[in-house]
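Here is a friendly note to read alongside the structure. Keep the 3D view open and find each residue as you come to it.

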Amino acid sequence: METVSQLSLLLYPPATFDELISRRHDCAALSVAVNTRLRRGWQVRSQPLSSTRQLIIPSYLADAPEEIKTCLIEWALLPYRISRLHKAVLRERRSSLEKRIWSYIQSLPHAPRRGSRFNPARFSGDTAGSVYDLREVFDSVNAAWFEGKLAALVRWGDASSKTSYHMAKTDAAGNKVHLITIAGLYNHPRVPRFAIEAIMHHEMLHIAIPPYRKNSRAVIHGKEFREAEAKFTWFHEWRVWEREQVPFLLKRRWFKR
Ligand SMILES: [Zn+2]
């Protein structure tokens, strides 16, 4: 019997996504598309109005074995809205499906790396804004508050962005690289020097005081962070400025260059 089943595996190509979907009774509304530009991972898009979903896969998953295709289909059909009680079950189910899919991907001869391969060269571009040069702001805050010890790439966010953030990445050589993005909102002549320094100081503190885990939750702005942040000379002026001036800037769209 063993020989026969092995033989049939050789004779019949693995079922396609469409065949696997048509065998199920719970996923008539799922379609699968290959996106050749998808370098790693896979995605699901949903059209809430028609309650259909589209699973988008990179080309190297198009010929995956049936078991992996089934995992992908099940992953794409995981419920979005779920009671608190079922949240843990759902999370476990999702992570077990993802583990199986990733272990297949990593077994491929030219396995794409899990996680991003960060290329710092892409972010060492122009840091000059309408008034402030982020490189200069970073260097002066670094010298005044961090003994010049921090290193990071800095960039402006989109002209209409309202959020600044810090990311830690690993480059191809395995080095940790910090990237600070300052919201486009701050790229405006009406933004005072203390405000750009304060937001930079906040993002730099994320390098000096990295997030840690406590009770399986990530603590990003913990007590230590808040205390260090409040020591910044212009901290309170900045908080007041943000509260009073930012809504005004947003409303007048002054930040859109
Ligand atoms: Zn923060």
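1. **Overall picture.** Among contacts in the protein chain (heavy atoms within 4.5 Å) between residues at least 6 apart in sequence, 61% join residues at least 24 apart. Please keep in mind that this is a predicted model, where local features need pLDDT of at least 70, side-chain atom pairs count only at pLDDT 80 or more, and totals for chains, interfaces and linings use all residues. Residues are numbered from 1 along each chain as its sequence is written, and side-chain values use heavy atoms, leaving out hydrogens and water.

2. The protein chain has eight helices and eight strands. Helices (H or I, at least four residues) and strands (E, at least two) are DSSP runs, numbered from the N terminus. Of the 257 residues of the protein chain, 35% count as buried. Buried means under 20% relative accessible area, exposed means over 50%, and partly exposed is in between (1.4 Å probe, protein chains only).

3. **The zinc site.** Which atoms coordinate the zinc ion? They are NE2 of His202, NE2 of His206 and NE2 of His221, at 2.0 to 2.1 Å. Donors here are N, O and S atoms within 2.8 Å of the metal (3.2 Å for Na, K and Ca); water is not among the atoms, so sites may look incomplete. Along the chain, the donors of the zinc ion follow the spacing H-x3-H-x14-H. Distant parts of the chain are linked here: His202 is in helix 6, while His221 is in the loop between strand 8 (217-219) and helix 7, 19 residues apart. His202 counts as buried because its relative accessibility is 10%, whereas His221 is partly exposed, with a relative accessible area of 36%.

4. **Aromatic pairs.** How many aromatic pairs does the structure hold? There are six. Rings of Phe, Tyr and Trp (its six-membered ring) pair if their centres lie within 6.5 Å; planes under 30 degrees apart count as stacked, over 60 as edge-to-face and the rest as tilted. One of the pairs is Trp145 with Phe232, which is tilted, at 5.1 Å centre to centre with 45° between the planes. This pair links distant parts of the chain, with Trp145 in helix 5 and Phe232 in the loop between helix 7 (223-230) and helix 8 (235-252), 87 residues apart. Trp145 is partly exposed, with a relative accessible area of 32%, but Phe232 is buried, at 3%.

5. **Another tilted pair.** Tyr186 and Trp241 also form a tilted aromatic pair, 5.6 Å centre to centre and with 45° between the planes. Tyr186 is in the loop between strand 6 (176-182) and helix 6 (193-208), and Trp241 is in helix 8, 55 residues apart. Both Tyr186 and Trp241 are buried. Elsewhere, Trp42, Trp75 and Trp102 form one aromatic cluster.

6. **Thr127 in its loop.** Is Thr127 buried or exposed? Thr127 counts as buried because its relative accessibility is 12%. Look for Thr127 in the loop between helix 4 (84-107) and helix 5 (134-145). The side chains of Thr127 and Asp133 are joined by a polar contact of 2.5 Å. A polar contact is a pair of N or O atoms within 3.5 Å; within protein, one must be able to donate a hydrogen and the other to accept it, and residues adjacent in sequence count only if both atoms are side-chain atoms. Not counting residues up to four places away in sequence, Thr127 touches residues including Val154 and Trp156.

7. **Ser140 and its partners.** Ser140 is in helix 5 and counts as partly exposed, at 27% relative accessibility. Leaving aside residues up to four places away in sequence, Ser140 touches Arg193 and Glu197. A polar contact of 3.2 Å joins the side chains of Ser140 and Arg193. Ser140 and Glu197 are 57 residues apart in sequence, and their C-alpha atoms are 8.6 Å apart in space.

8. **One face of helix 7.** Phe225, Ala228 and Glu229 are buried in helix 7. Seen down the axis of helix 7, its buried residues fall within an arc of 100°, so they line one face of the helix. The arc is that of the directions from the helix axis to the C-beta atoms.
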